[in-house]
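Here is a friendly tour to read with the model open beside you.

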Amino acid sequence: TIDRVSTRFPAIPAKLGRVPAGISRRRSRIVVTGGAGFVGSHLVDKLIKRGDDVIVIDNFFTGRKENLVHHFGNPRFELIRHDVVEPILLEVDQIYHLACPASPVHYKYNPVKTIKTNVMGTLNMLGLAKRIGARFLLTSTSEVYGDPLEHPQKETYWGNVNPIGERSCYDEGKRTAETLAMDYHRGADVEVRIARIFNTYGPRMCLDDGRVVSNFVAQAIRKQPLTVYGDGKQTRSFQYVSDLVDGLYALMESEHVGPFNLGNPGEFTMLELAEVVKETIDSSATIEFRPNTADDPHMRKPDISKAKELLNWEPKVSLREGLPLMVSDFQNRILNEDEGKGV
Ligand code: NAD
Ligand code: UDP
Ligand code: UDP
């Protein structure tokens, strides 16, 4: 069972040693910070399905209880409303640290809070990992490469990041989070795992998060023009969420620290993405050009050879296969929203 403990009691070592080959893996106690969000909730589904005990920590800034409601009532699942900027005491074996707004609209909304979440939140979760001997996985981002001068991006590339721009709270926050993880690893022997995630899409993305896939899909369903920023020639690589969840899991269970790029190497311009959305949802959708945002990276594409070789992982779902899988979820939520407004 899972108990919160008081500071007056020493930590119970979480690691009970490796499971010998041939004996089935014992049930783990796992924390997922940010587990009420888009990626976190899909990860929780996988862990619960595997039979683990899962504690979600979330402050519901961008996450929603609806994403987890199907686990309510399951004694192996616990949801704690908590802000990772504040310390917390728990006893677990593994920590998947996802808490942080991910879309530019959300992380720019309160940039100082974004930095605090990335720095103080990650520090607290590493302090927790150190105290209880838990393995810690950081969900970093392709944004650590900034507006990259190397293409595609390998993990060895140090990046081209503006330290004082509008995106810096996120980019530099994640870079610091990576530094903290490595310092706890080297200095306090914490078992860390670092994933650098590239743009990911799928069901349960926030409808209003301003990311390009959620914007285009919602716009096409609502019969609104697809808003292409700038000239639409900038590129991104889009990964379906189940591939990411498989990659995070493979990394956590591996013996490798990383960092590892987790993304789909298929590269699309925003104009090409708009075409795929049109093919998938509404061929009569139109395109409207808008000014681009500051410091928008011109291109992004992961080199995933390291994850392929060491984690035996690669994405399976192409953009044309994945997009249709999020459409019915978006249609249902847009319909409910409209009904709520009495439309
Ligand atoms: P999301 O916004 O859907 O989920 C983030 C979750 O963290 C939400 O449930 C939110 O309420 C919670 N949260 C935010 N600040 C918190 C705080 N201070 N304390 C507790 N909870 C807090 O985003 P997502 O797309 O699911 O991203 C999950 C993680 O993956 C993030 O760390 C993000 O930086 C990283 N990532 C995502 C992508 C992507 O394309 N989705 C790409 C790169 C990296
Ligand atoms: N921390 C936490 N839970 C724990 C252990 C630590 O939230 O179970 C927090 C702690 O409050 C501190 C941070 O993690 O702010 C770093 O902890 P650490 O022990 O590494 O550093 P110190 O407390 O010595 O600064
Ligand atoms: N973008 C766009 N239309 C939109 C939203 C975003 O053309 O409605 C562009 C944006 O300028 C960027 C790319 O899509 O070049 C990806 O943006 P997103 O916010 O999804 O993620 P980022 O990779 O920038 O974090």
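How are α5 and α7 oriented to each other? They are oblique, a word used for angles that are neither under 35 degrees (roughly parallel), nor over 145 (roughly antiparallel), nor 65 to 115 (roughly perpendicular).

## Ground rules

This is a predicted model, in which local features need pLDDT of at least 70 and side-chain atom pairs count only at pLDDT 80 or more, while totals for chains, interfaces and linings use all residues. Residues are numbered from 1 along each chain as its sequence is written, and chains are lettered from A and ligands numbered from 1 in the order in which they are written.

Helices (H or I, at least four residues) and strands (E, at least two) are DSSP runs, numbered from the N terminus.

## The annotated domain

An unreviewed UniProt entry carries the annotation "domain: NAD(P)-binding" for residues 32–324.

## Helix α5 against helix α7

Helix α5 covers residues 212–221 and helix α7 covers residues 270–280; their axes come within 10 Å and cross at roughly 40°. Axes here are lines fitted to C-alpha atoms, for helices over the stretch in contact, and angles run from 0 to 180 degrees between N-to-C directions.

On the α5 side, V212, F216, V217 and A220 take part, and they meet M270, L273, A274, V277 and K278 of α7. Contact requires C-beta atoms, placed from the backbone, to lie within 7 Å. By class, the residues of this α5 and α7 contact are eight nonpolar, no polar and one charged. In this scheme Ala, Val, Leu, Ile, Met, Phe, Trp, Tyr, Cys and Pro count as nonpolar, Asp, Glu, Lys and Arg as charged, and the others, Gly among them, as polar.

Helices α3 and α4 pack with their axes 9 Å apart, at an angle of about 15°. That makes α3 roughly parallel to α4, and the crossing is again described as right-handed. Residues of α3 in the contact include P111, I115, V119 and L126, and those of α4 include C169, Y170, A177 and Y184. The α3 and α4 contact has 12 nonpolar, five polar and two charged residues.

For α1 (residues 38–50) and α6 (residues 241–253), the axes come within 10 Å and cross at roughly 65°, with α1 passing α6 in a right-handed crossing. V39, H42, L43 and K46 of α1 meet V241, S242, L244, V245, L248 and Y249 of α6. Seven nonpolar, two polar and one charged residues make up this α1 and α6 contact.

## Around the ligands

Ligand 1 is surrounded by 30 residues, of which G34, G37, T62, G63 and A102 are closest; a residue is near a molecule if its C-beta atom, placed from the backbone, lies within 6 Å of it. Two or more residues each come from α1, β2 (53–58), α3 (111–132) and β5 (135–141). Helix α1 gives the most, with three residues. The ligand 1 shell divides into 14 nonpolar, 14 polar and two charged residues.

Around ligand 2 sit P87, I88, L89, L123, N124, G127, L128, K130 and R131, and this shell has five nonpolar, two polar and two charged residues. Ligand 3 has 16 residues around it, with R211, V212, N215, T227 and Y229 coming nearest. Both α5 and β8 (226–229) supply at least two residues to the ligand 3 shell, and β8 has the largest share, three residues. By class, the ligand 3 shell holds five nonpolar, eight polar and three charged residues.

## Backbone details to look up

Which peptide bond joins G258 and P259? The bond is cis, with omega about 5°, and P259 lies in the loop between α6 and β11 (260–262). The peptide bond from H151 to P152 is cis too, with omega near -10°; P152 belongs to the loop between β5 and α4 (168–188).

F60, a residue other than glycine, has a positive phi near 60°. You will find F60 in the loop between β2 and β3 (77–81).

Methods: UniProt positions are given in the numbering used here, feature names are shortened, and annotations may be inferred rather than shown by experiment. Two residues are in contact if their C-beta atoms, placed from the backbone, lie within 7 Å. A crossing is left-handed if the near helix is turned anticlockwise from the far one by less than a right angle, and right-handed if clockwise.
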